[in-house]
Amino acid sequence: MSTASRLPQFVGRLASKLPVTVDSTVRRLAVLSLIGQTVLVVTGGAVRLTASGLGCPTWPRCTSNSLVNTPEMGIHGFIEFGNRLLTFALAAVAALMLVYLWNLRKERKDLFLLALGLLASIPAQAIIGGITVLTQLNPWVVGLHFLVSMALVVFATLLVNRAYGRTGQFRTSPLAALPGVLRPAMTAVAVFAWIAVMLGVVVTGAGPHAGDANAPRNDLDWDLFSHIHAVPAYLVTAGTLLAVYFVFRRGISGTFGTAVLMLLGVTVLQAIIGFTQYYNGIPALLVGAHMLGAALLMAAATNAADIARSSPVK
């Protein structure tokens with residue numbers, strides 16, 4: 001029997017062993033994807049904040065003669081190449097997710113398409129990362145690299161919610177009825193969170209942490225854009241406090257109540273970090289914490305908006 005004729009049999013045997021319902025493995029892979037995307041934000045921040053942006057001075061190789069970092073490159077090469085390796089790990093998780101969803105690709109298109117989008121965006125993210133290196137850390141390209149990571153955090157959050165049946169067409173978890181104002185309010189919070197992150201990218205491009213001593217800056221007024229960046233952050237806080245008011249005033253518990261309290265915690269923490277770094281000379285460690293906070297904020301705001309959208313209205 002030829003190799004070509006054996007392939008369909010192998011695929012058939014493999015498919016027969018894959019789940020026909022959304023099981024614990026699918027859910028764990030979804031959570032792992034969200035964790036991985038968040039960790040990628042942190043490691044990307046570490047690359048920039050330790051001035052390791054050109055630790056691998058070229059792309060797709062690390063050097064002109066080596067695919068990997070060499071001992072002569074020191075800690076900067078190790079940090080930059082480690083960040084590149086994490087991309088491959090995330091691609092493996094996304095590919096494995098698609099394999100496990102193969103028998104559900106028609107029935108659960110929501111999960112399959114989200115997983116496919118995560119997998120397809122990882123090579124795109126790698127290419128943007130390569131352009132970042134080849135342009136000597138152009139701040140606008142660096143910012144785009146970060147924004148794509150934020151978008152992947154959003155997609156991974158939706159994937160987790162769908163996999164656990166909390167939201168979407170195949171929702172299995174009971175959701176409390178919400179006042180009509182909360183659905184648009186939570187959508188607005190998610191939009192303002194996204195705007196705050198985009199303006200934060202502009203602020204970062206004007207700030208001192210360029211990823212390399214010779215990297216260019218965007219030459220904008222850092223202080224001015226810091227204040228502009230704060231405006232949508234204030235609106236996120238206002239929308240979150242409105243949701244908290246309704247949660248306690250109307251006694252809304254369960255999934256939405258938990259999502260709102262998580263959002264409140266992340267919003268308060270992010271505000272504290274932001275103000276502290278602003279008034280203390282933008283220390284690298286706090287900038288890194290603020291980047292992690294941005295990822296957590298996008299996940300929390302997306303989660304609350306997604307749950308509100310799936311909840312019945314009073």
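Helix α7 is followed by G251, a residue with a positive phi near 65 degrees. The structure is a predicted model, in which local features require pLDDT of at least 70 and side-chain atom pairs count only at pLDDT 80 or more, whereas totals for chains, interfaces and linings use all residues. Residues are numbered from 1 along each chain as its sequence is written, and side-chain values use heavy atoms, with hydrogens and water left out. Helices are DSSP runs (H or I, at least four residues), numbered from the N terminus.

Helix α7 comprises 28 residues (222–249). The expected span of a helix is 1.5 Å times one less than its number of residues. For α7 this span should be 40 Å, and the end C-alpha atoms are 40 Å apart, which agrees. The N-terminal end of α7 is capped by D221, a side-chain oxygen of which lies 3.1 Å from the backbone nitrogen of D223. Polar contacts are pairs of N or O atoms within 3.5 Å; within protein, one atom must be able to donate a hydrogen and the other to accept it, and residues adjacent in sequence count only if both atoms are side-chain atoms.

Residues are classed as buried under 20% relative accessible area, exposed over 50% and partly exposed in between (1.4 Å probe, protein chains only). In α7 the buried residues are S226, H229, A230, P232, V236, G239, T240, A243, V244, F246 and V247. An α-helix has 3.6 residues a turn, so residues three or four places apart point the same way. The buried residues of α7 pack against α6 (182–206), α8 (254–278) and α9 (284–310), where contact denotes heavy atoms within 4.5 Å.

Helix α9 contains N303, which counts as buried at 11% relative accessibility. Residues up to four places away in sequence not being counted, N303 touches T157, N161 and A259.

A15 belongs to helix α1 (residues 3–17) and is buried, with a relative accessible area of 17%. With residues up to four places away in sequence not counted, A15 touches W102 and N103. The C-alpha atoms of A15 and L67 are 35 Å apart in space, the two residues being 52 residues apart in sequence.

T63 is situated in the loop between α2 (24–49) and α3 (74–100). This residue, T63, is buried, its relative accessible area being 16%. A polar atom of the T63 side chain lies 3.0 Å from the backbone nitrogen of S66. Neighbours within four places in sequence left aside, T63 is in contact with P57, T58 and M73.

How values were computed. Helices (H or I, at least four residues) and strands (E, at least two) are DSSP runs, numbered from the N terminus.
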